[in-house]
Amino acid sequence: MDIELVQPFIDNALKEDVGDGDHTSLATIPPDTTGKAKLLVKDSGIIAGVELAEYIFHRVDKNLKLNIFIKDGTEVKPKDIVFEVEGNVISILTAERLVLNCMQRMSGIATNTDHIVDLLKGTNTQVLDTRKTTPGMRYLEKWAVRIGGGVNHRFGLYDMILIKDNHVDYSGGIARAIENAHQYIEKTGKKLAIEIEVRNQEELDEVLRTGGVDRILLDNFNFTDLKQAVNIIEGRYITEASGGITVDNVRDYANCGIDYVSIGALTHSVKCLDLSLKAIK
């Protein structure tokens, strides 16, 4: 867990939720009341965010104690208890919603990713996430993809050069875009991989003539054209497919011999795993 990324997110989220105080808890519960609560699973899936939950509870109150029974990446089912938290009750309730919001979303992403990974078993294809993430939660969502067995693509605009259709069109063509990218790398001294998106066989042919890239993204290719493209590339470059890839067809894409499939739905339209924090009486 990268504390430098996580801490500001947690602090801002707590400020957003708590404001000048959890007045319901402060009004109804004596301040020195202590107790226990359990994280109860109500769905089947892959649990994610346990490590984060521990950090959130301790960020709210360093004296809270957690007894963790199930670790991140574990398959869970209804009625499983992931952990128990013990200490000041108002502190537990202050952290409750943030813990649940993060864990439910992260677990949904991990579960979705795990399902895709399972569908890809027996192939050489791996699943990538994208930048289609919730603003402010990208680190957590990409962390959840890793927990589910997926692979992170670039984290943001700063850690890779990915030349997409708009870049090609604005820069004056594929060859010019690749040339400009290399000039930029030479000028800045940055060590950045170069990936380029192609939309058809003609653009692929131009990339292969030009060279100078690390990965080729084949966007919205049908299966016949995708197989042909992979055969033409012949392992000279890492290959990635994107566009319209779902649980129903991801295996078909993998059978085309592609190295990676990128699926925005891993993070942008995921169903959260149902979890609940219940007081232990």
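**Note on a predicted model**

1. Helix 4 and helix 5 cross in a right-handed way. Bear in mind that the model is predicted. Helix 4 covers residues 89-119, and helix 5 covers residues 138-147. Their axes lie 7 Å apart, and the packing angle is about 40°. Angles under 35 degrees count as roughly parallel, and 65 to 115 as roughly perpendicular. Helix 4 and helix 5 are therefore oblique to each other.

2. Which residues of helix 4 and helix 5 make the contact? On the helix 4 side they are C102, R105, M106, I109, A110 and T113. On the helix 5 side they are L140, E141, W143, A144, V145 and I147. Sorted by class, this contact holds 9 nonpolar, 1 polar and 2 charged residues. An α-helix has 3.6 residues a turn, so residues three or four places apart point the same way.

3. Stay with helix 5. How many of its 10 residues are buried? The count is 8, so helix 5 is mostly covered, given that buried means under 20% relative accessible area. The buried residues are Y139, L140, E141, K142, W143, A144, V145 and I147. Note that E141 and K142 are on that list. The buried part of helix 5 packs against helix 1 (3-18), helix 3, helix 4 and helix 11 (265-268). Just after helix 5 comes G149, with a positive phi of about 100°.

4. Now step back to the whole chain. The protein has 281 residues, and 48% of them are buried. There are 11 helices and 12 strands. Along the principal axes, the C-alpha atoms fill a box of roughly 75 × 40 × 25 Å. Take the contacts with a separation of 6 or more: 69% of them join residues 24 or more positions apart.

5. Look inside next. The largest nonpolar core has 82 residues. F57, F83, L140, I216 and L218 have the most contacts inside this core. Helix 4 gives the most to the core, with 11 residues. In soluble globular proteins, nonpolar side chains tend to be buried together.

6. F57 sits in helix 3 (residues 50-60). Is F57 buried or exposed? Its relative accessible area is 0%, so F57 is buried. Leave out neighbours within four places in sequence, and F57 is in contact with L64, L66, F83, V85, I92, A95, V99 and L277. For a sense of scale, compare F57 with R236. They are 179 residues apart along the chain, and their C-alpha atoms are separated by 49 Å.

7. I194 is the next stop. This residue belongs to strand 8 (residues 194-198). With 2% relative accessibility, I194 counts as buried. Not counting residues up to four places away in sequence, I194 touches I161, I163, A181, H182, I185, G212, V213, D214 and R215. A181 is 13 residues from I194 along the chain, and their C-alpha atoms are separated by 7.8 Å.

8. Helix 8 (residues 201-210) packs with helix 9 (residues 223-233) at an angle of about 10°, and the axes are 11 Å apart. Helix 8 and helix 9 are therefore roughly parallel to each other. Q201, L204 and L208 of helix 8 meet Q228, A229, I232 and I233 of helix 9. This contact has 5 nonpolar, 2 polar and no charged residues.

9. Finally, check two backbone angles. Most residues other than glycine have a negative phi. K79 has a phi near 85°, a positive value in a residue other than glycine. K79 lies in the loop between strand 4 (75-76) and strand 5 (81-88). Its relative accessibility is 72%, so K79 counts as exposed. E234 is not a glycine but also has a positive phi, of about 55°. E234 lies in the loop between helix 9 and strand 10 (238-242). With a relative accessible area of 62%, E234 is exposed.

Technical notes. Residues numbered from 1 in each chain as written. Predicted model: local features only at pLDDT ≥ 70, side-chain atom pairs only at ≥ 80, totals over all residues. Heavy atoms only, no water. Core = buried A, V, L, I, M, F, W, Y, C linked by side-chain atoms within 4.5 Å. Buried < 20%, exposed > 50% of the residue type's maximum accessible area, 1.4 Å probe, protein only. Helix = DSSP H or I, 4+ residues; strand = E, 2+ residues; numbered from the N terminus. Axes fitted to C-alpha atoms, helices over the stretch in contact; angles between N-to-C directions. Parallel < 35°, antiparallel > 145°, perpendicular 65-115°, else oblique. Left-handed = near helix turned anticlockwise from the far one by under 90°. Contact = heavy atoms within 4.5 Å. Nonpolar A, V, L, I, M, F, W, Y, C, P; charged D, E, K, R; others polar.
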